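Here is a short tour to read with the viewer open.

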Amino acid sequence: MNQTEQRRLWISLFLPFAAGYFLSYLFRTANAVIGPVLARELALGDNALGLLTSTYFLAFGAAQLPLGMLLDRFGPRRVEAGLLLLAAAGAAVFGLSDTLTGLASGRALIGLGVSACLMASFKAFSQWFPPERQASLTGWIMASGGLGALAASKPLELALGFASWREIALGLAATTLLVAALLWFLVPDKAGEEKQAGGFAAQMAGVRSIFASRHFWRYAPMGFFFTGGFMAVQGLWASRWMSVLEGLESTGIAYRLTLISGAMLAGFLFMGFFATRLVHRGIALDKLYLGAMLLALACFALISAQPTLAGGLLWPVLGACFSLSNISYSLVAQAFPPALSGRANTALNLLVFAGAFGLQWGIGILVDNLQAAGWAGDAAFRAAFFSLLGGQLLALLWLFLGGRRA
């Protein structure tokens with residue numbers, strides 16, 4: 001493939017998928033800024049706000065196993081473009097709703113609609129690019145998500161000064177339709193790839209082989225508690241923590257969230273620029289992943305124990321570490337043949353989003369129940385964060401034990 005063909009492929013394949021993942025991450029984290037506005041308008045408690053925000057993760061996670069089979073059978077272009085139509089409908093429902101049920105239904109449709117944005121790009125990259133470029137391409141596509149998270153922080157707060165949250169939701173619905181059209185008309189199909197996936201029985205046999213793999217289960221708890229846990233915190237509870245424990249106002253919170261998103265973007269760009277070079281120089285990606293997760297655990301422990309101790313520094317470092325947690329997708333997929341790549345990645349993503357949904361809603365339930373039992377707000381939030389920290393420590397120990405057995 002010459003340089004002209006590579007450039008054409010980059011424009012027609014990478015950029016549409018990057019636009020889709022930008023929207024996916026913007027939708028995922030927007031409630032950190034919009035959530036307090038909704039809570040004031042609709043008088044929502046922490047439990048209700050946690051459920052509303054986490055319905056995105058529930059629908060997203062529930063779609064992962066059938067999504068893997070669809071990607072391996074029909075290809076990334078058709079699957080993602082079709083699902084984004086549901087995301088656009090969900091954004092419209094959200095923007096037009098006045099009740100918790102309507103808002104939650106809209107969030108669920110958005111979650112289902114963007115459920116293919118990252119996995120479809122992984123599938124497309126595995127079809128069109130050699131294995132040694134996968135980690136860097138993962139970094140680049142995650143960087144587009146980092147830009148989405150960045151847009152959902154300070155820029156979104158500024159946008160709320162010019163437009164209502166309803167108008168913003170309807171504008172995102174129109175933008176999502178445009179990205180769906182770009183995917184459908186620009187992205188090429190890999191000839192003959194879909195026919196290799198086999199029928200439903202063969203696809204289910206592939207799924208069973210993934211869930212029977214010891215290698216898969218070595219990383220699954222890390223996906224649940226680390227990747228899913230950070231998504232749960234970043235998408236909603238980081239802003240509530242900063243308000244209750246650190247006394248920050250909305251402007252200070254939006255600035256802090258912008259720093260976190262900027263650090264995540266820097267981590268994604270690091271992967272994009274240097275991951276392939278690190279592999280070529282013999283630096284194992286599993287060592288990089290393990291080091292980043294150890295640092296993430298230390299940062300989260302310090303934040304939970306001493307909320308006002310260098311929080312402006314620790315939160316961005318935590319965001320940068322989270323950006324490297326996505327190496328786990330490459331580490332899991334490399335143990336399976338290319339024909340199973342879609343199902344292997346979506347199986348791990350199922351655990352990640354089960355964690356994001358369960359932990360995001362669970363934190364809200366725990367905080368509400370502790371406050372109902374007479375706990376102060378700051379003590380209740382600290383207990384919830386320490387509970388998540390305990391799960392992360394157990395997952396890390398499981399990863400160590402799995403490595404020793406291997």
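This is a predicted model: local features need pLDDT of at least 70, side-chain atom pairs count only at pLDDT 80 or more; totals for chains, interfaces and linings use all residues.

## Helices α5 and α10

Next, look at helix α5 (residues 76-96) beside helix α10 (residues 165-186). Their axes come within 8 Å and cross at roughly 170 degrees. Since angles over 145 degrees count as roughly antiparallel, α5 is therefore roughly antiparallel to α10. The crossing of α5 past α10 is left-handed. Sorted by class, the residues in the contact of α5 with α10 are 18 nonpolar, two polar and four charged.

## Helices α3 and α6

How do the axes of α3 and α6 cross? Helix α3 (residues 46-62) and helix α6 (residues 100-113) have axes that come within 6 Å, with a crossing angle of roughly 30 degrees. Angles under 35 degrees count as roughly parallel, so α3 is roughly parallel to α6. Here the crossing is right-handed.

On the α3 side, the contact is made by Ala48, Leu52, Thr53, Thr55, Tyr56, Ala59 and Phe60. On the α6 side, Leu100, Leu103, Ala104, Arg107, Ala108, Ile110, Gly111 and Leu112 take part. By class, the contact of α3 with α6 holds eleven nonpolar, three polar and one charged residues.

## Helix α4 and the residue after it

Helix α4 spans residues 64-74, and its buried residues are Gln64, Leu67, Gly68, Met69, Leu71 and Asp72. If you follow the backbone just past α4, you reach Gly75, which has a positive phi of about 95 degrees.

## Thr258 across the sequence

Which residues does Thr258 contact beyond its neighbours within four places in sequence? Thr258 belongs to helix α13, residues 250-280, and its contacts of this kind are Leu150, Ser153 and Lys154. Ala152 makes a handy distance check: Thr258 and Ala152 are 106 residues apart in sequence, while their C-alpha atoms are 8.3 Å apart in space.

Notes
Residues are numbered from 1 along each chain as its sequence is written. Side-chain values use heavy atoms; hydrogens and water are left out. Buried means under 20% relative accessible area, exposed over 50%, partly exposed in between (1.4 Å probe, protein chains only). Helices (H or I, at least four residues) and strands (E, at least two) are DSSP runs, numbered from the N terminus. Contact means heavy atoms within 4.5 Å. Axes are lines fitted to C-alpha atoms, for helices over the stretch in contact, and angles run from 0 to 180 degrees between N-to-C directions. Angles under 35 degrees count as roughly parallel, over 145 as roughly antiparallel, 65 to 115 as roughly perpendicular and the rest as oblique. A crossing is left-handed if the near helix is turned anticlockwise from the far one by less than a right angle, and right-handed if clockwise. Ala, Val, Leu, Ile, Met, Phe, Trp, Tyr, Cys and Pro count as nonpolar, Asp, Glu, Lys and Arg as charged, and the others, Gly among them, as polar.
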